[in-house]
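Hello,

Here is the structure I promised to pass on. Please open it next to this email, and then read on for what turned up in it.

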Amino acid sequence: MPLADATSLRSLSLLRTLVGFQTVSRESNLPLIEYVRDYLQRMGVESRLVFHEEGRKANLFATLGPADRPGIVLSGHTDVVPVDGQEWSCDPFTLSRRGSRFLGRGVADMKGFLAVALASAPRFLERDLQIPIHFALSCDEEVGCVGVRPLIRELAAMPVKPAMCFVGEPTSMNVVVAHKGKKYLRVHVHGFECHSSVSPRGVNAVEYAAEAIAHIRSIGRELAARGPFDQGYDVPHTTAHVGVVNGGTALNIVPKDCRFDFEFRHLPEDDPEMLVNRIKAFVAERLEPEMRAVRPETGFEWQEMSAFPGMDTPESTDVVRLAKALTGSVTVGKVAYGTEAGMFSAWAGIPTVICGPGDIDQAHKPDEYIEIDQLAACEAFMNRLADRVHGLA
């Protein structure tokens with residue numbers, strides 16, 4: 001699309017509005033959700049709000065067309081990552097244009113897709129839909145895909161479930177059929193403090209944490225060396241990663257506490273619970289007996305912070321064939337990062353692909369941007385979807 005035609009994008013006004021809502025995950029997303037609810041209501045479309053976090057945040061589910069037959073879900077999250085500490089050249093919560101790009105927090109991840117989908121609602125409704133289009137807007141995706149879970153449970157229990165789902169994470173409008181899963185744990189090592197001059201009388205939480213971390217690292221090396229492998233991913237194996245460690249107060253004090261966070265980013269066919277159990281077994285058999293021989297109250301405490309399944313949608317499914325037809329793509333891809341798509345697929349039983357405007361490399365960065373031609377490509381995708389659904393009616 002020529003740059004001079006950028007202002008003719010039907011999604012532009014909505015994108016400007018959505019970017020203006022400061023839906024950083026630590027804040028409520030209700031103002032944006034209520035805006036979308038009212039926007040759809042003006043077209044005669046009712047929305048159901050599925051709340052999360054004791055009513056402070058909500059997911060939205062709306063159906064265009066008949067609700068008594070399988071349809072197509074267009075799904076995206078409303079929350080964005082913080083801008084704290086980032087050096088922006090413009091106001092991150094005001095849509096700006098710079099040449100062929102629009103800048104603003106969330107334009108790529110993923111308010112661009114939401115704006116295009118919502119702006120397409122009038123066109124969908126004009127088609128007198130016999131096959132419904134559903135909108136699913138979620139909260140708290142950026143903090144572990146936790147907000148959408150109440151909505152997923154409702155979708156799984158629906159008497160007539162949607163036939164397929166498109167999650168509009170930024171893929172440059174390429175069709176993505178698989179992503180890795182994630183399991184994230186926080187560990188609190190309880191030691192026993194004493195003066196470092198008599199350190200054998202204490203239980204050094206930092207040192208025992210270090211031994212557990214080294215074991216996690218050894219499992220990561222094993223996975224990298226032995227697989228299983230899937231060359232469709234840029235990192236073709238399951239990975240183990242320790243990202244945060246905190247412990248100790250002073251050098252002359254044997255530390256009483258140490259905490260660390262670790263994760264597995266696993267191929268869909270790998271069992272993350274089995275990997276976690278290997279670590280727990282090492283701790284229970286090798287470390288905790290030593291610790292408790294000194295002080296019986298010491299040991300490891302495990303807390304699962306978040307987990308979501310991987311996704312691996314066969315190319316033979318209807319949703320992949322439709323995605324290829326709508327994008328004109330003949331190939332599909334896989335990504336290492338996780339999304340809500342795995343939940344729609346594994347937990348709600350809805351075949352799902354990922355396809356949305358923008359580049360994931362621009363997500364979470366200062367001066368986040370989306371190319372104008374990506375918005376235009378997504379609008380063309382929605383136009384084809386409206387034509388295809390009308391043709392199937």
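Below are some notes on aromatic pairs, charges over rings, one hairpin, the backbone and a histidine.

First, the ground rules. This is a predicted model, in which local features need pLDDT of at least 70 and side-chain atom pairs count only at pLDDT 80 or more, while totals for chains, interfaces and linings use all residues. Residues are numbered from 1 along each chain as its sequence is written, and side-chain values use heavy atoms, with hydrogens and water left out.

**Aromatic rings**

Rings of Phe, Tyr and Trp (for Trp, its six-membered ring) pair if their centres lie within 6.5 Å; planes under 30 degrees apart count as stacked, over 60 as edge-to-face and the rest as tilted. By this rule there are five aromatic pairs. In one of them, the ring centres of phenylalanine 166 and phenylalanine 381 are 5.5 Å apart and the planes stand at 90°, so this pair is edge-to-face. Phenylalanine 166 belongs to strand β7 (residues 164–167) and phenylalanine 381 to helix α10 (residues 372–392), so the pair ties together parts that are 215 residues apart in sequence. Helices (H or I, at least four residues) and strands (E, at least two) are DSSP runs, numbered from the N terminus. Both phenylalanine 166 and phenylalanine 381 are buried; buried means under 20% relative accessible area, exposed over 50%, and partly exposed in between, with a 1.4 Å probe and protein chains only.

Phenylalanine 260 and phenylalanine 262 form a tilted pair, 6.2 Å centre to centre with 35° between the planes. Phenylalanine 260 has 0% relative accessibility, so it counts as buried, and phenylalanine 262 counts as buried at 1%. Phe260, Phe262 and Phe264 make up one aromatic cluster.

**Charges over rings**

A charge sits over a ring if NZ of Lys or CZ of Arg is within 6 Å of the ring centre and within 35 degrees of the ring normal. The charged end of arginine 101 sits over the ring of tyrosine 369, 3.8 Å from its centre. Lysine 180 has its charged end over the ring of tyrosine 233, 5.8 Å from the centre.

**A hairpin and the backbone**

Strands β1 (residues 47–52) and β2 (residues 57–64) run antiparallel and are joined by six bridges; two strands pair if DSSP finds at least two bridges between them. Histidine 52 stands opposite lysine 57 in β2. Four residues lie between the strands of this hairpin, where glutamate 53 takes a positive phi near 60°.

Which peptide bond is cis, with omega near -10°? That is the bond from aspartate 109 to methionine 110, and methionine 110 lies in helix α3 (residues 107–119). Another cis peptide bond joins glycine 227 and proline 228, with omega about 15°.

Aspartate 128 is a residue other than glycine with a positive phi, near 50°. Its relative accessibility is 56%, so aspartate 128 counts as exposed. Histidine 364 also has a positive phi, near 70°, and is partly exposed at 38% relative accessible area.

**Histidine 134**

Is histidine 134 buried or exposed? With a relative accessible area of 3%, histidine 134 is buried. Histidine 134 lies in strand β6, and a polar contact of 2.9 Å joins its side chain to that of threonine 63. A polar contact is a pair of N or O atoms within 3.5 Å; within protein, one must be able to donate a hydrogen and the other to accept it, and residues adjacent in sequence count only if both atoms are side-chain atoms.

Best wishes
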